[in-house]
Amino acid sequence: MSADDQIRVTLQHEEGYRFSIDFEGSGLDAIHTDLPPPNGQGSGPDPEHLLLAALANCLAASLLHALRVNRNQEASGIRAEVSARPARNAEGRLRIPQVFVELQLPG
């Protein structure tokens, strides 16, 4: 993928708070998200968990790439732990104001 390639993801509402997410043109199967009870049925990861997973994945992959390219080191087995505490903003909307990521190298 180059910087000029367009990335396209489509969300389609199914029922309740369940959505299907299609990673168009990637050849990957769609995944489903859902909110936990009492709003949803918890039939898939919720958006907050996907956000944290995406942030941790991006940082871990960047570290892996940097170690391989700049230091010529193999670092298979990198582990990322990510956490956040949702909070309400002034309007009462739930937000994620901070995310904490710990990257652990193997060994």
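Predicted model: local features only at pLDDT ≥ 70, side-chain atom pairs only at ≥ 80, totals over all residues.
Trainee: How much space lies in the largest pocket?
Mentor: The largest pocket holds about 230 Å³ of space.

Trainee: Which residues line the largest pocket?
Mentor: Its lining consists of Leu11, Tyr17, Phe19, Ile21, Phe23, Ile31, Thr33, Asp34, Leu35, Pro47 and Leu50. Two or more of the lining residues come from each of strand 2 (18–23), strand 3 (31–33) and helix 1 (47–70).

Trainee: And which element gives the most?
Mentor: Strand 2 does, with three residues.

Trainee: How do the lining residues divide into nonpolar, polar and charged?
Mentor: Nine are nonpolar, one is polar and one is charged.

Trainee: Turning to serine 20, where is its place?
Mentor: Serine 20 is in strand 2.

Trainee: Does serine 20 count as buried or exposed?
Mentor: Serine 20 counts as buried because its relative accessibility is 14%, and the cut-off for buried is under 20%.

Trainee: What does serine 20 touch, not counting residues up to four places away in sequence?
Mentor: Serine 20 touches Thr10, Leu11, Gln12, Glu14, Ala30, Ile31 and His32.

Trainee: On to helix 1: what should its 24 residues span?
Mentor: At 1.5 Å a residue, helix 1 should span 34 Å, and its end C-alpha atoms are 34 Å apart, so the two values agree.

Trainee: Which residues of helix 1 are buried, and what do they pack against?
Mentor: Leu52, Ala56, Ala60 and Leu67 are the buried ones. They pack against strand 4 (79–84) and strand 7 (99–104).

Trainee: What reaches the backbone nitrogen of glutamate 48 at the start of helix 1?
Mentor: A side-chain oxygen of aspartate 46 comes to within 3.1 Å of that nitrogen.

Trainee: And which residue takes a positive phi just after helix 1?
Mentor: Asparagine 72 does, with a phi of about 55°.

Technical notes: Residues numbered from 1 in each chain as written. Heavy atoms only, no water. 1 Å grid on protein atoms, 1.4 Å probe; cavity = no way out; pocket = protein on both sides within 12 Å on 5 of 7 lines; lining within 4 Å. Points joined across faces, edges and corners; volume = space filled by probe spheres on them. Helix = DSSP H or I, 4+ residues; strand = E, 2+ residues; numbered from the N terminus. Nonpolar A, V, L, I, M, F, W, Y, C, P; charged D, E, K, R; others polar. Buried < 20%, exposed > 50% of the residue type's maximum accessible area, 1.4 Å probe, protein only. Contact = heavy atoms within 4.5 Å. Expected span 1.5 Å × (residues − 1). Polar contact = N/O pair within 3.5 Å; in protein donor to acceptor, adjacent residues only side chain to side chain.
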